[in-house]
Amino acid sequence: MKIFLDTANLEEIKKGVEWGIVDGVTTNPTLVAKEGADFKQRVKEICDLVKGPVSAEVIALDYEGMVKEARELASISEYVVVKIPMTPDGIKAVKTLSREGIKTNVTLVFSPAQAILAAKAGATYVSPFVGRMDDISNDGMRMLSEIVEIYNNYGFETEIIAASIRHPMHVIEAALMGVDIVTMPFEVLEKMFKHPMTDIGIERFLSDWKKYLEKVKK
Ligand code: G3P
């Protein structure tokens, strides 16, 4: 399973990369706006840090506009993956871009039907939004598992990115169903380290070691 960070914050990305467990990054207009940085400059900086797939989203909603923005974004770095919203124009743009060898990530996916269209268009990645489904009392994980099953049935090459992840249980459930990638906020990645028994164990080892040192000193 690959781990992506869902952030445009350089400090968070640096930390994750230093831990050696981050394979890529996803951003969206909200995450970039939060940083207040120049968009293309920030995408370049993230690519240089991660040296893996970095999703950057188009703003245009029409086919021509999306394709134009996608080509510009793809020219920033070999690592750029162009995020395209799940609309008819978006799917048409994905088809064009996939023929040109530009990597795409179909975003704002909330149903297996939409995920089938993304795969048929030749998307490199598809991003079902789990947390936002849960937010409206729908079962985000169920939607994700249906997409995994359908993609396995047909051997679709599009990789599934479990997105809109809110807590470590989302990560575990996605991993159990064999999803390709989970993209998560830095906070969720940090939480994955935590276990009270680990902290208690470290404390006990250190105190026993201290006692041992005092004993051998005598
Ligand atoms: O980047 C797409 C997705 O992960 C957004 O998550 O938490 O805003 O629903 P969220």
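Tutor: The largest pocket holds about 360 Å³ of space. A pocket here is an open set of points on a 1 Å grid over the protein atoms alone, where a 1.4 Å probe fits, with protein on both sides within 12 Å along at least five of seven lines. The volume is the space filled by probe spheres set on the points, which are joined across faces, edges and corners. This is a predicted model: local features need pLDDT of at least 70, side-chain atom pairs need 80 or more, and totals for chains, interfaces and linings use all residues. Residues are numbered from 1 along each chain as its sequence is written, and side-chain values use heavy atoms, without hydrogens and water.

The lining counts 24 residues, each with an atom within 4 Å of a point. Nearest the pocket centre lie Asp6, Thr7, Asn28, Leu31 and Pro185. By class, the lining has seven nonpolar, nine polar and eight charged residues. Ala, Val, Leu, Ile, Met, Phe, Trp, Tyr, Cys and Pro count as nonpolar; Asp, Glu, Lys and Arg as charged; the others, Gly among them, as polar.

H2 (29-35) and H10 (186-193) each supply at least two lining residues. H2 gives the most, with four. Helices (H or I, at least four residues) and strands (E, at least two) are DSSP runs, numbered from the N terminus.

Now the salt bridges: the whole structure has twelve. Each puts a side-chain nitrogen of Lys or Arg within 4 Å of a carboxyl oxygen of Asp or Glu. One joins Glu159 to Lys2, with the closest N and O atoms 2.9 Å apart. Glu159 lies in strand E7 (residues 159-162) and Lys2 in strand E1 (residues 2-6), so the pair ties together parts 157 residues apart in sequence.
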